[in-house]
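Please consult the sequence and structure shown below while reading.

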Amino acid sequence: MALSKHLNPDHLIQAAKDHKGHVHSSTKHHAVHAYGARYGTDPIPKYSLPSKGVEAEAAYQLIHDELALDGSPALNLASFVHTWMPKQADQLMMENISKNLIDQDEYPMTQVLHTRCISILADMWHAPSAHQAIGTATTGSSEAIQLGGLSMKRIWQEKRKAAGKSIHEPGPNIVMGANAQVALEKFARYFDVEARLVPISAESNYRLDPKRAMQYVDENTIGVYVILGSTYTGHYEPVKEMADLLDEYEARTGHSVPIHVDGASGGFIAPFATPKLEWDFRIPRVVSINTSGHKFGLSYVGVGWVVWRSKQFLPKDLIFELHYLGSVEYSFSLNFSRPAHPIIAQYFNFVHLGFEGYRNVALQDLKNARLLSRALEKSGLFDVLSDIHRPAEGITTAAKAAIGFDEENVENYVPGLPVVSFKFTDDFKQKHPDVQQKWVQVLLRAKGWIVPNYELAPDLQDIEILRVVVRENVTAVMVDRLVADIIEVVEGLAKEDTPVHALNALQSRKTVEGHHGRLEPGSGSKSSGTYAKQC
């Protein structure tokens, strides 16, 4: 019997009209416990507080099973965030999970560890005096970036007032590449600073072009954000070149414009992989640096850092003196209370790994990223936009032939993050115009991999890229499997006479959980193009 005789189209249309535009729940917005009979629990409301609780074991099992629907952190190649630590670190964190970092009088040894971390970072980044440098832990680089920007803004305001000039007309501005992560633009918007976004290009390696950036600098520029590791392609922005141009600008105009280095990822890669690279406090114009301990600092999520080269660059009125926690204490972060265990985890890494351990991890990450880059290029299906697998400037083909090329020596390659950004070749797109690159993301997700596909920054937004972040847990074996799956997916799409256009519908799940509590399209301000996807 034909299928159409079993279904009544009129009934289907009528049912659709009755509920058009809404997402419905078959459980009436209750979480029905899979083990309800075993534990004797009733269905639990999802969006209101239950009138009566359940046993801890039942609550654990319910939430544990729901979270099983998440992707695997180990296969999340979209994220820079670290996902594994040794069991001893886990144990330390659990032992200290109830400690509040702000309670310095109650937990003095925790505060000592915090201070040690600041000194270690200041020394690692070549502060003039690691003992005189000042800094603080943050929730992540986003908070750290706000603090670095606020300090530059306040110093600019003080200089303007001392000179008898207005701080309101035309007001402060800050310069950054259009490839900036959204946290940098958040600073500008939240703290009333004009964000001057410098367009990127293929010629500038998809990141800030210092010469072009100088066109955006004037006497009201509070500073320049320079990114040590673009979230798009992993390229380091040229801190030294930017500083040299600002030195020339100051000599010509008398206006001093400082640099804050966003080392969210590169702050824990460059010191170990390419220690000769000048990007940090060795450059006098660099006044502050931030990094994420929970990225290549190899700690779990929840810890970032900001360090100023000296107390001179952290205005006193941003430091609050506290008298009500049992002693005189000082605070200069946006958050007040914050968990202490992420800071303890960071200190564990410093003690456990040391310089040699961090260097070994960074070099292995970069080696695996080079492996992936070369394999993708050799497939003939992809162009790789990141450059960490390419010989450094000055190492010519002739020189490689004459003296040999040590492929194990990281100094022979363009410095950058262990990030691989790639796209279909023009030849592939010409032969298969109906195949959309975003389908690769969808089909890889079906295999467990999370590999984002997204547009580049303004002026290059017509270019879509796929991006893989090679973290410590992404081994050569995983790279081998990933390459095989990517090739299988792309060849499968290319062989189809008619590509499966229904793949477009697989980008999101139309579920109650995906709909409830979410902002509708158009609820936010219009995007300026800065990176606001997975990071």
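How many bridges join strand S4 to S5, and do these strands run parallel or antiparallel? In this predicted model, strand S4 (residues 173-177) is joined to S5 by 5 bridges, and the two strands run parallel.

## The seven-stranded sheet

S4 and S5 belong to an open sheet of 7 strands with mixed pairing, in the order S3-S9-S8-S7-S6-S4-S5. Its edge strands, S3 (134-138) and S5 (194-198), each pair on one side only. From one strand to the next, the twist averages 20 degrees.

Within the pairing of S4 and S5, Met-176 has Leu-197 of S5 as its bridge partner. Helix H5 (residues 108-124) packs on the sheet and touches S3 and strand S9 (304-308). The direction of H5 makes about 65 degrees with that of S9.

## Helices H6 and H7

Helix H6 (residues 141-162) packs against helix H7 (residues 182-190) at an angle of about 45 degrees, and their axes lie 9 Å apart. The two helices are therefore oblique to each other. Their crossing is right-handed.

On the H6 side, the contact is made by Ser-142, Ile-145, Gln-146, Gly-149 and Leu-150. H7 contributes Ala-183, Leu-184, Lys-186 and Phe-187. Sorted by class, this contact comprises 5 nonpolar, 3 polar and 1 charged residues.

## Helices H4 and H11

Helix H4 (residues 87-95) and helix H11 (residues 341-378) have axes 9 Å apart and pack at an angle of about 150 degrees. The crossing of H4 past H11 is right-handed.

Gln-88, Ala-89, Leu-92 and Met-93 of H4 meet His-341, Ile-344, Ala-345 and Phe-348 of H11. The contact between H4 and H11 has 6 nonpolar residues, 2 polar residues and no charged residues.

Ser-421 lies in strand S13 (residues 419-424). Its relative accessible area is 0%, so Ser-421 is buried, a term applied to values under 20%.

Leaving aside residues up to four places away in sequence, Ser-421 touches Tyr-232, Thr-233, Asp-383, Val-384, Leu-385, Ser-386, Ile-465, Leu-466 and Arg-467. Ser-421 and Asn-453 are separated by 32 residues in sequence and by 9.6 Å in space, C-alpha to C-alpha.

Technical notes:
Residues numbered from 1 in each chain as written. Predicted model: local features only at pLDDT ≥ 70, side-chain atom pairs only at ≥ 80, totals over all residues. Heavy atoms only, no water. Helix = DSSP H or I, 4+ residues; strand = E, 2+ residues; numbered from the N terminus. Buried < 20%, exposed > 50% of the residue type's maximum accessible area, 1.4 Å probe, protein only. Contact = heavy atoms within 4.5 Å. Axes fitted to C-alpha atoms, helices over the stretch in contact; angles between N-to-C directions. Parallel < 35°, antiparallel > 145°, perpendicular 65-115°, else oblique. Left-handed = near helix turned anticlockwise from the far one by under 90°. Nonpolar A, V, L, I, M, F, W, Y, C, P; charged D, E, K, R; others polar. Pairing = 2+ DSSP bridges.
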